[in-house]
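The sequence and the structure come first, and the description follows.

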Amino acid sequence: MTATLEVRNVSKTFESDNGDRIQALAPANLGVKQGEFLSIIGPSGCGKSTLFNIIGGMIPPDSGEVIVNGVSVSGPHKDIGMVFQEESTFPWRTVLDNVAFSLEVAGMEKKERLEKARHFVELVGLTGFEHHFPHQLSGGMRQRTAIARTLASEPRILLMDEPFGALDEQTRLLLGDKLLKICDALKQTTMLITHNITEAVQLSDRVAVMSYRPGTIMRTIDIELPRPRDSELISTDKFAGYVGRIWEDLRMEADRGMKAAGEA
Amino acid sequence: MCMTHAEPHQKQRLAFALWGPRTASLLVLLFLGLILEVLVASGIADPSIVAAPSEMLMSLERLFTKDNLGAAFLITLAQALSATFLAMLIGLPLGWTLFRYEVLGRAYRGWLAAMFAAPLVLLYPLFLVIIGRNYGTTITMGVITGSIPVALYTCEALHKVSPTLLKVGAAFNLTARQTFTLIQVPAAVPDAFTGIRLGLIYSLVNIIGIEFLIDFGGLGRVVSTMFFRYDIPGMYAAIFFIILISLLFLTVLKKVERWLRPV
């Protein structure tokens, strides 16, 4: 099957304030198939978020290209929906109006867009909270609102940068279950950036492991766990085996990252 | 069973948290008023300098019936609202310009901040000469003092818009105009409103001050008239009324601000 999303030889170097050049990404290659859930995992500072921003069109790569459905793209693209790690719901809009945002921008009639937004609110399990403002919701509910807002624009590829990074472990697992159900229901092609091994194994069909700076894809691991899944999986031996395997790959890179941070 | 006992207790605590500070401040005012009343009645405080609170309150009625305090209030209110409206017309685009063009922002924000701290009321003789002893002068002084906080806070509010919200806009392929109207403006409203609130208060204070100085217009003129008539209770009553009006303004504006920034 051809890749829905392809990252070809993408690299990026930043210049710091004192003129030092830091290579964040060495040429990286990656493909995500239609309906696949791929996680990218790597130690802190490995360039995961840089890759996320390049794929989402927020920053241009120095070299290489991002291909969506066979077409090279530059800049934000309607087929790629982004969910950010930081708080991103609009505080002046209710849950329903947040979710309907992209539909409003697209010029959809109010009645139609609210109806459609309700569907996505229900999908992320926020029925009953449609008229709440973000400050009246928990962190997990706000992230679900952000996910619903992105899904409402019906992107071919859902791109998420540690969407549950700020949440506690239990909420993170439960939201992982929710996300699995949504992606199964929509057959959504998804790319998740994370540093959490458990989360990556719980959700993914494949996990791509990144090296420490300059970041590149060291290895991809197929997660052959049955679907539909839920967080009960984490107590199985097979799950633990995958976690151990990924950690084996990651440990040396994480160690390099810590040493580099200590030297900095 | 526990709930039935706990709920009234909780309600009592909430009511105390709400009304306790208000009652305490009112009691202090009443106490200070009582002390002043006793000091004036006993002759310790000179009634030609300080009015007894009871006399001052009684003068209020006279100010309304004979000295048109109600009309004076409306005149000052109309001037303050006009000045604030004009201050917004100047301050909002100015704040946006200082935000949009970084060089201008770096060059002039410091100037504006310095002007914000300066006693601009001292410029009134200049406008008195240029415009004359009329509403033009009072409103111009209100506009000048009001537009500075509006511009400064608008610029600050636009700078404070979360970069993540702007990234959301970029991810949805918004045009620059859509980003401005759908994200930057609504995100900046609460902080920009703080500037508008300060602008209104500065305008009001300066307008009343100029009215007093040039013996023209609304509330400030009433205080000035009482002062020149040597009507001490009337003068304190007018000042007391101005304080009440300021408190009312502040309360209403705070409520609007809370509505705009519910977090």
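Is Asp231(B) buried or exposed? Asp231(B) counts as buried, at 12% relative accessibility; buried means under 20% relative accessible area, exposed over 50%, and partly exposed in between (1.4 Å probe, protein chains only).

## Basis of the description

This is a predicted model, in which local features need pLDDT of at least 70 and side-chain atom pairs count only at pLDDT 80 or more, while totals for chains, interfaces and linings use all residues. Residues are numbered from 1 along each chain as its sequence is written, chains are lettered from A and ligands numbered from 1 in the order in which they are written, and side-chain values use heavy atoms, with hydrogens and water left out.

## Salt bridges

Over all chains, the structure holds 21 salt bridges, each being a side-chain nitrogen of Lys or Arg within 4 Å of a carboxyl oxygen of Asp or Glu. One of them joins Asp231(B) to Arg62(B), at 2.7 Å from N to O. Arg62(B) lies in helix α2 (residues 53-65) of chain B and Asp231(B) in the loop between α9 and α10 (232-260) of chain B, so the pair ties together parts that are 169 residues apart in sequence. Helices (H or I, at least four residues) and strands (E, at least two) are DSSP runs, numbered from the N terminus. Arg62(B) is partly exposed, with a relative accessible area of 26%.

In chain A, Asp249(A) and Arg219(A) form a salt bridge whose closest N and O atoms are 2.6 Å apart. Asp249(A) belongs to helix α8 (residues 237-263) of chain A and Arg219(A) to strand β10 (residues 217-222) of chain A, so this pair links parts that are 30 residues apart in sequence. Asp249(A) is buried at 16% relative accessibility, whereas Arg219(A) is partly exposed at 31%. Arg21(A) and Glu15(A) also meet in a salt bridge (3.6 Å, N to O); Arg21(A) is exposed at 62%, and Glu15(A) is exposed at 53%.

## Aromatic rings

Rings of Phe, Tyr and Trp (its six-membered ring) pair if their centres lie within 6.5 Å; planes under 30 degrees apart count as stacked, over 60 as edge-to-face and the rest as tilted. The count comes to 13 aromatic pairs over all chains. In one of these, the rings of Tyr135(B) and Phe216(B) have centres 4.8 Å apart and planes at 55 degrees, so the pair is tilted. Tyr135(B) is in helix α6 (residues 135-159) of chain B and Phe216(B) in the loop between α8 (176-214) and α9 (219-228) of chain B, so the pair connects parts that are 81 residues apart in sequence.

Phe90(A), Trp92(A), Phe101(A) and Phe172(B) form one aromatic cluster. The charged end of Arg149(A) sits over the ring of Phe90(A), 4.8 Å from its centre; this requires NZ of Lys or CZ of Arg within 6 Å of the ring centre and within 35 degrees of the ring normal.

## The interface between the chains

In chain A, 24 residues are in contact (heavy atoms within 4.5 Å) with 16 residues of chain B. The two chains bury about 1,600 Å² between them, 74% of it on carbon and sulfur atoms; buried area is the accessible area (1.4 Å probe) that two parts lose on being put together, summed over both. Between chain A and chain B, the count is zero salt bridges.
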